[in-house]
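I set out to record a few local features of this structure. The entries below follow the order in which I looked them up.

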Amino acid sequence: MGLVAGVCVVLPSTPASAAPADLVIDYDCYDVGNAYSIAKYAPVRLRTRLTFATDLVVGGALDLKWSIAYKDGSRFSSPGYYAKGAQMNVLGNAQITGAWQGVLQPTGATTIANGLRMDDPLALPAGIADPGQITRAGVIKIEPKDIVVDFAPPDGEATVNNGNDDDNPRNHTITYNGAWTEFNDRLSSEHHVHNDYHETAQQGASAELKFIGTGVQYIGPHDREGGPVKVYLDGAQRAEVDPSRDANDDPVNEVRNGGFTLWESPQDLAYGEHTIKIENGSTSKAWLDAFRVTTNTSKVPTDFHRASCKLVSAPVAVEVTVRDKPGTSPTQSPSGSPSASPSATPTQTPTGTTTTPGNNNGNHNNNGNQTTADRLVSVHGNTTVTATPTAKTSTGPTATTYIAAQVKKTPSGGVPSGQAPEPSRQPYALMAGGGVLLLGSAAGGLAMRRRRAAHAGNLR
């Protein structure tokens with residue numbers, strides 16, 4: 001059968017997001033020992049595709065999306081004759097281990113719009129899903145397991161009539177024993193099912209039907225020429241009816257007035273295979289128009305038509321890292337600001353799996369010891385790795401912390417403050433400014449003395 005379960009995981013080049021896990025898994029489906037399983041022509045081969053996001057955070061959902069389709073020409077088939085409205089239900093299983101454990105069981109269903117005949121192919125739901133709430137951070141491993149497929153018949157009635165294959169699906173026909181005459185294309189005013197019926201005047205002539213359901217009715221005409229008819233259910237006589245008399249046991253004056261329910265099985269009939277038989281109890285005429293099979297789905301065991309689907313190849317698992325919500329508990333440096341270690345850059349292992357130093361990914365980093373049955377693909381979301389300094393406990397006085405200078409060389413006589421002194425600058429500009437100011441003052445004083453002398457008549 002070869003290798004048919006695989007993993008296609010693409011690791012992103014940037015840590016902002018992670019590609020979803022993509023698992024292609026094939027199954028072979030068989031019946032569960034029931035002759036009326038939908039997989040009686042086993043194996044029925046399915047191809048499934050399981051995808052889920054791998055960039056996960058606490059509080060989010062692990063949403064398994066599992067598409068399902070037939071792999072080849074094999075098909076689940078109808079186990080009987082049913083009215084429209086039957087359902088196909090699929091239940092998946094995904095084992096969760098690691099930081100949190102359990103089983104996710106995605107489900108899906110599809111309703112069949114048309115009535116079914118024996119061995120009609122059954123449609124599958126396009127997919128199944130089950131979002132699971134993530135409650136805490138850690139490393140989890142997701143491993144797909146076996147799945148089951150169930151057929152649920154509809155509530156209602158299905159009529160099995162004499163005539164061509166449209167009336168009597170293969171393996172669901174009425175078996176006639178003795179001398180019976182078939183009458184077709186009767187007037188619609190006679191009210192026969194599909195405008196036809198069977199008639200016998202031979203005592204002991206019988207007609208029977210095997211069916212699956214929770215009830216059955218014997219349909220025939222009222223006719224004044226009729227006689228007693230014995231009714232058997234599962235080999236035991238349950239009643240005797242007379243089509244020449246009405247419900248009040250009064251004689252009728254009718255001729256082939258069809259479509260009446262002459263007998264109905266008990267309401268507590270268990271769901272499963274049953275056989276109804278009618279037998280002419282005299283040499284008077286007896287008729288059979290149809291048998292009407294009824295089904296109450298509340299009485300149908302869940303696994304009655306079940307098929308069990310097994311993984312064809314070795315199991316496959318995906319390991320996912322679930323992160324805390326951003327800002328929940330950031331790692332702080334001694335100065336109060338977050339710090340990241342340059343050595344925490346992700347590195348590529350020889351197998352191509354992305355890992356980070358110091359993280360053993362659930363003790364699965366020893367890829368050389370893994371077998372084919374334990375194949376593991378590690379997919380990590382946007383994980384931030386921070387270096388956390390180890391605090392030392394001091395038992396003595398508080399010590400002064402000295403910070404090394406950031407310059408290459410401290411000038412002689414300088415304080416080791418980590419900063420170099422300003423370069424030496426000569427005060428030429430200041431000296432020139434002072435000289436100008438001095439000359440200006442002398443000139444001003446001389447001018448003032450001349451004004452005073454002129455005012456005093458140039459006397460000294």
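Entry 1. I located D150 in strand 12, which spans residues 147-152. The model I am reading is a predicted one.

Is D150 buried or exposed? I find D150 buried, with a relative accessible area of 9%; the cut-off for that term is under 20%.

I then looked up the side-chain partner of D150. A polar contact of 2.8 Å links the D150 side chain to that of R306. Leaving aside residues up to four places away in sequence, I listed I38, Q87, M88, N89, T302, D303 and R306 as the residues that D150 touches.

Entry 2. I searched the whole structure for disulfides, and the search returned 1. The bond is between C29 and C309, with an S to S distance of 2.1 Å. I noted 105° about the S-S bond, and the link of C29 and C309 is right-handed. C29 belongs to strand 2 (residues 21-31) and C309 to strand 25 (residues 307-311), so the pair ties together parts 280 residues apart in sequence. I recorded both C29 and C309 as buried.

Entry 3. I turned to an open sheet of 3 strands, whose order is 15-16-23 and whose pairing is antiparallel. Which strands form its edges? I found strand 15 (181-183) and strand 23 (286-288) there, each pairing on one side only. From one strand to the next, the twist averages 30°.

Within this sheet I examined how strand 16 (residues 197-200) meets strand 23: they run antiparallel and are joined by 3 bridges. Opposite H198 I noted L288 of strand 23.

Methods: Residues numbered from 1 in each chain as written. Predicted model: local features only at pLDDT ≥ 70, side-chain atom pairs only at ≥ 80, totals over all residues. Heavy atoms only, no water. Disulfide = S-S within 2.5 Å. Helix = DSSP H or I, 4+ residues; strand = E, 2+ residues; numbered from the N terminus. Buried < 20%, exposed > 50% of the residue type's maximum accessible area, 1.4 Å probe, protein only. Polar contact = N/O pair within 3.5 Å; in protein donor to acceptor, adjacent residues only side chain to side chain. Contact = heavy atoms within 4.5 Å. Pairing = 2+ DSSP bridges. Axes fitted to C-alpha atoms, helices over the stretch in contact; angles between N-to-C directions.
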